[in-house]
Amino acid sequence: MKEARELIKGKDDSVFLEPYKEEGGVYRLSVDLREIDPFLAHSGRLFLDEGIFTYVDSFRKAMPSPSPIAIDFIVAALEEKRDADIEKAFRRHYRLELSETKRECRHVRLTSILMLIVGAILMGIYLFFSFGELGLVYEVIAEIVSIASWVFIWAAVEKAFFDLHELKVDALYYSIMSLTEIRFRQEESPACA
C-alpha cells in the first residue's frame with residue numbers, strides 16, 4: 001500500500017487530494033504543490049515532475065470518457081510568474097503527448113495500408129500458384145504464401161480497428177487535458193495548520 005502511494009506521489013512527500021465531481025459534470029482534481037517543487041530539476045521551469053502527471057492520469061480510467069476535467073493546483077502562496085510557468089508546463093506536456101499520439105496514428109494507418117497491400121499481393125501469388133497442376137513443391141509454396149497473405153491481412157485489420165482505436169482514445173484524452181481549466185488556490189500548508 002505504501003509503495004502505491006509513493007508511486008502516485010512521485011519522489012517527494014507531497015499530499016494529493018481526492019478528485020470530486022461538480023454539479024456541471026466536471027471532474028475537478030486537486031493537486032497539492034505546497035510542499036514540493038513542481039518542476040523537474042535542471043529543466044529551467046519547462047517541465048513538471050512526472051509524479052504530477054502520474055497522479056492526474058491515474059484517475060483517467062475511473063472517469064467516464066470523455067469527461068470534462070479541471071485542475072486545481074493548491075499552493076502555499078500565489079506567485080503569478082511561477083503559476084503561469086506551471087500552467088504552461090502542464091499544457092505543454094499534454095500537447096506533446098497529443099502530437100506524439102497523432103504521429104503514431106498516422107504511422108499505424110500507413111502500416112495498416114501497406115500490410116493490406118502486401119497481403120493482397122501475396123493472395124494474388126497464391127491464386128497464381130493454385131491454378132493448374134504445378135507439382136507438390138508449388139502446392140506447398142502456394143499454401144505457405146496463402147498463410148502469409150492472411151497473416152498480413154489480419155495484422156492490417158488488427159492495426160486499423162484495434163490499435164488505431166486505442167490511439168484515438170488517447171488523443172482525445174490528451175486534447176481534453178491540454179485545454180482543461182486550471183486554477184490556483186492558496187491554502188495554508190498542512191504543517192502550519
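Buried residues are those under 20% relative accessible area, exposed residues those over 50%, and partly exposed residues those in between (1.4 Å probe, protein chains only). By this definition Asp83 is buried, with a relative accessible area of 7%.

The legends below describe a predicted model, in which local features need pLDDT of at least 70 and side-chain atom pairs count only at pLDDT 80 or more, while totals for chains, interfaces and linings use all residues. Residues are numbered from 1 along each chain as its sequence is written, and side-chain values use heavy atoms, with hydrogens and water left out.

**View 1. Overall arrangement of the protein.** The protein has four helices and four strands; helices (H or I, at least four residues) and strands (E, at least two) are DSSP runs, numbered from the N terminus. Along the sequence, these elements follow the pattern α-β-β-α-β-α-α-β. Of the 193 residues of the protein, 38% count as buried. The accessible surface comes to about 12,100 Å², of which 63% belongs to carbon and sulfur atoms; accessible areas come from the Shrake-Rupley method with a 1.4 Å probe, and for residues only the protein chains shown count as cover. Among contacts (heavy atoms within 4.5 Å) with a separation of 6 or more, residues 24 or more positions apart account for 78%.

View 2. When residues up to four places away in sequence are not counted, Asp83 touches Val75, Leu78 and Phe184. Whereas Asp83 is buried, Ala84 is partly exposed, with a relative accessible area of 35%. The C-alpha atoms of Ala84 and Phe184 are separated by 9.8 Å, although these residues are 100 residues apart along the chain.

**View 3. The salt bridge between Asp72 and Arg28.** A salt bridge is a side-chain nitrogen of Lys or Arg within 4 Å of a carboxyl oxygen of Asp or Glu. A search of the whole structure finds 14 salt bridges. One of them joins Asp72 and Arg28, with the closest N and O atoms 2.9 Å apart. Asp72 lies in strand β3 (residues 69–75) and Arg28 in strand β2 (residues 27–32), so the pair ties together parts that are 44 residues apart in sequence. Both Asp72 and Arg28 are buried. The two residues also belong to a network of salt bridges that links Arg28, Asp32, Arg34, Asp72, Glu181, Arg183, Arg185 and Glu187.

View 4. Glu87 forms a salt bridge with Arg91, the closest N and O atoms being 3.0 Å apart. Glu87 and Arg91 are four residues apart in helix α3, and about one helical turn separates them. Glu87 is partly exposed, with a relative accessible area of 26%, whereas Arg91 is buried, with a relative accessible area of 13%. In the second pair, the side chains of Arg103 and Glu100 meet at 3.1 Å, N to O. Arg103 and Glu100 also lie in helix α3, three residues apart, which is about one turn of the helix. Arg103 is partly exposed at 42% relative accessibility, and Glu100 is partly exposed with a relative accessible area of 35%.

View 5. Lys102, Arg106, Arg109 and Lys168 form a positive surface patch. Patches are made of residues with over 30% relative accessible area and no salt bridge, with like charges joined within 9 Å and nonpolar side chains (Val, Leu, Ile, Met, Phe, Trp, Tyr) within 5 Å. Lys and Arg count as positive and Asp and Glu as negative, while His and the chain ends are not counted. The place of a charge is taken as NZ of Lys, CZ of Arg, CG of Asp or CD of Glu. Helix α3 (residues 80–130) gives the most to this patch, with three residues. Lys168 is located in helix α4 (residues 136–178) and counts as partly exposed at 46% relative accessibility.

View 6. Leu110, Ile113, Leu114, Ile117, Ile121 and Ile125 form a nonpolar patch on the surface, with about 550 Å² of accessible area together. Ile121 lies in helix α3 and counts as exposed at 51% relative accessibility. Ala148 is located in helix α4 and is partly exposed, with a relative accessible area of 26%. The C-alpha atoms of Ala148 and Val118 are separated by 9.4 Å, and the two residues are 30 residues apart along the chain.
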